[in-house]
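Q: I would like to learn how to read a structure like this one. Please show it to me, and then we can start with a single residue.

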Amino acid sequence: SIGVSRLVSLMFVFEPTWVVSILTPIVLVSRSSGTLSFSVAETIEKFSVIGSNPVYLVLTAASFLAAVISLQCKLGLQPFDIFEADTEILAGIYTEFSGVKLAFAGLFHDVEMFVGATVVVFLFLGGAYPFSLNTSLSSLDIFAAVLVILVKFLLVVLVLVAVKASSARYRVDQAVSFFFKYPLLVALASLIIATLV
């Protein structure tokens, strides 16, 4: 129950930060195209719009930072592993799990890391940019595009693991205060400026 209460406390800050931060590049590309479709596919296709405008680039970089921090917290990686806190509350929310349930919990954690890092790669780093994944490309171009995606994915995971390895755990009140002071404000400011630009 201690681990769950800590997780719920953190969810109130990291989920809004995650959602607001991933909306910023979508809003920027949508407004620049004039269609206001707010399409994720369009954001991935027209990522060059962000790279060509310095204001868009700064807003996307700020949102990227907020998204990576909130992803770190979503995954329960240090310094935000408060709800698992091995040294304090054993395995946290996973204490009562064993066998298949524990295996699925681990699998879901890994899937969440894969999906979260992939979202960051496609929305903030352009996916295959400067390549495209059109079906009319040669197999060599498709291979290069997939390789670029893989390298960007590995870089995002490397950042997550490096922060995990080099930081100490926050207390719940420190983590919530940190999110309200920095990542959430940065993500909200980026989104508000993106809607006004």
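Q: Is Ile142 buried, exposed or in between, and what decides it?
A: A residue is buried under 20% relative accessible area, exposed over 50%, and partly exposed in between, with a 1.4 Å probe and protein chains only. Ile142 has 31% relative accessibility, so Ile142 counts as partly exposed. The model is predicted: local features need pLDDT of at least 70, side-chain atom pairs count only at pLDDT 80 or more, and totals for chains, interfaces and linings use all residues. Residues are numbered from 1 along each chain as its sequence is written, and side-chain values use heavy atoms, leaving out hydrogens and water.

Q: In which helix does Ile142 lie?
A: Helices are DSSP runs (H or I, at least four residues), numbered from the N terminus; strands are E runs of at least two. Ile142 lies in helix H7, which covers residues 139–165. The chain has 9 helices and 0 strands.

Q: How far is Ile142 from Ser132?
A: Their C-alpha atoms are separated by 7.6 Å, and the two residues are 10 apart along the chain.

Q: What about Leu150?
A: Leu150 also lies in helix H7. Its relative accessibility is 45%, so Leu150 counts as partly exposed.

Q: How much of the chain is buried?
A: Of its 197 residues, 39% count as buried.

Q: What share of the contacts joins residues 24 or more positions apart?
A: A contact means heavy atoms within 4.5 Å. Among contacts in the chain with a separation of 6 or more, 74% are between residues 24 or more positions apart.
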